[in-house]
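Here is my note on the model you sent.

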Amino acid sequence: MSIRTAPARRLAAAVAVVSIVVLGAAACGGTTKKSSAGDNSAPSAASTASADPHAPAKKGLTIAYLPKQVNNPYFTSSDSGGKKAVEAAGSTYREVGTSSGTDTAGQVSYVNTLTQQQVDAIAVSAQDPGALCTALNQARKNGVKVVTYDSDTNADCRDVFVSQASSEDLGRTEVQLMAQQIGNRGQIAILSAAQTATNQNTWIGFMKDELKKPEYKDIQLVKVVYGNDDAQQSFQQTQGLLQQYPNLKGIISPTTVGIKAAAQYLSGSKYKGKVQLTGLGTPNDMRAYVADGTVRSFELWDPAKLGALAGLTAVALVSGQISGAPGQTYTAGDMGTFTIGQDSTVVLGKPTVFDKSNIGQYAF
Ligand code: RAM
């Protein structure tokens with residue numbers, strides 16, 4: 001892949017009018033990426049590069065995964081799904097990353113190293129929306145395709161975001177699950193991951209919006225706390241919430257680490273079965289707490305499928321089958337055909353709600 005030079009970029013600007021007309025047709029009327037100035041500016045690949053849906057899928061690529069946190073079982077699952085899919089597609093899988101969910105400097109330094117090593121694509125779950133931008137755009141200017149999965153960066157700093165589900169659905173359904181469990185009445189709190197996490201913050205935004213509906217007028221969201229996807233911190237935050245709000249009726253934890261730690265605390269306390277807990281968890285982590293009555297229902301997508309789709313999207317980008325423009329479609333192995341939507345986002349599908357009636361069917 002060639003590196004774009006300054007004269008080439010000026011030429012691109014000069015033919016912008018022509019490109020817009022051509023793109024308008026290619027992108028089925030979808031939005032194009034915002035342009036920005038300065039060193040942090042995006043290479044605007046999606047808005048200028050053409051894609052050939054019939055181009056053969058390239059093999060022998062190196063696709064590097066950079067999860068939020070390497071020792072988090074959720075990412076072990078997602079990235080092993082990625083490994084399987086990338087290897088089945090004839091390419092090499094790599095994984096690098098930090099062991100803390102709040103080490104944004106560590107994530108930046110991994111992006112820089114992967115750029116120097118000239119990997120073909122990076123699939124990254126961002127700990128912070130803006131912190132990785134300069135490094136990711138530097139990677140893209142050097143010909144590396146960038147896919148975010150699970151947690152996005154700003155839309156100008158990657159080619160495609162592979163989202164686990166509709167963020168709006170996730171936020172609203174977590175409130176709906178909680179409301180059912182507490183009979184639409186009482187104080188609730190949120191136990192989140194890192195304060196900067198794009199995915200959790202987006203879901204919390206939709207939770208707050210859902211809570212404005214008249215049917216939830218008797219539910220008060222009293223506090224949002226952050227356990228930083230650290231088991232001990234999440235456990236302590238749960239304990240602190242119950243000390244501070246003795247009338248608390250429920251906790252929503254939209255993180256697999258947080259919900260597990262909160263369940264562990266509740267199950268060994270006098271609040272078991274009295275303070276409700278829902279959010280996003282893996283069936284493997286939550287099985288014991290559903291069985292002992294601490295948790296009634298919670299939801300999640302299949303992390304392995306998310307990791308697989310991220311890797312296959314990276315292969316489609318490097319192969320030139322897609323450039324990231326909304327409206328483009330591509331086939332992701334045996335997962336089927338996907339269409340790139342608004343803000344160059346691809347959605348995996350709908351999450352599953354788990355409770356005692358179906359949890360036995362899932363093993364992740
Ligand atoms: C944690 C991470 C991840 C999130 C899941 C639900 O493992 O915060 O980003 O998607 O929970």
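**Notes on the disulfide and the cores**

1. The model is predicted. A search of the whole structure finds one disulfide. The bond runs from C133 to C157, with an S to S distance of 2.1 Å. The link of C133 and C157 is right-handed, with 85 degrees about the S-S bond.

2. What does the pair tie together?

3. Are the two cysteines buried or exposed? With buried meaning under 20% relative accessible area, C133 is buried at 2%. C157 is buried as well, at 3%.

4. The largest nonpolar core has 74 residues, and W301 and Y330 are those with the most contacts inside it. Helix α12 (residues 303-318) gives the most to this core, contributing ten residues. Both domain 1 (45-164 + 303-349) and domain 2 (167-300) give residues to this core, so the core lies between them.

5. Which residues does W301 touch? Leaving out residues up to four places away in sequence, W301 touches Y74, D150, Q164, L170, W203, L280, L306, L348, P351 and F364.

6. Another core, of 15 residues, lies apart from the largest one. Its members include L114, V119, A126 and L136.

Terms used:
Residues are numbered from 1 along each chain as its sequence is written. This is a predicted model: local features need pLDDT of at least 70, side-chain atom pairs count only at pLDDT 80 or more; totals for chains, interfaces and linings use all residues. Side-chain values use heavy atoms; hydrogens and water are left out. A nonpolar core is a set of buried Ala, Val, Leu, Ile, Met, Phe, Trp, Tyr and Cys residues joined through side-chain atoms within 4.5 Å. Buried means under 20% relative accessible area, exposed over 50%, partly exposed in between (1.4 Å probe, protein chains only). Helices (H or I, at least four residues) and strands (E, at least two) are DSSP runs, numbered from the N terminus. Domain bounds come from an automatic or database domain assignment. Contact means heavy atoms within 4.5 Å. A disulfide is a pair of cysteine sulfur atoms within 2.5 Å.
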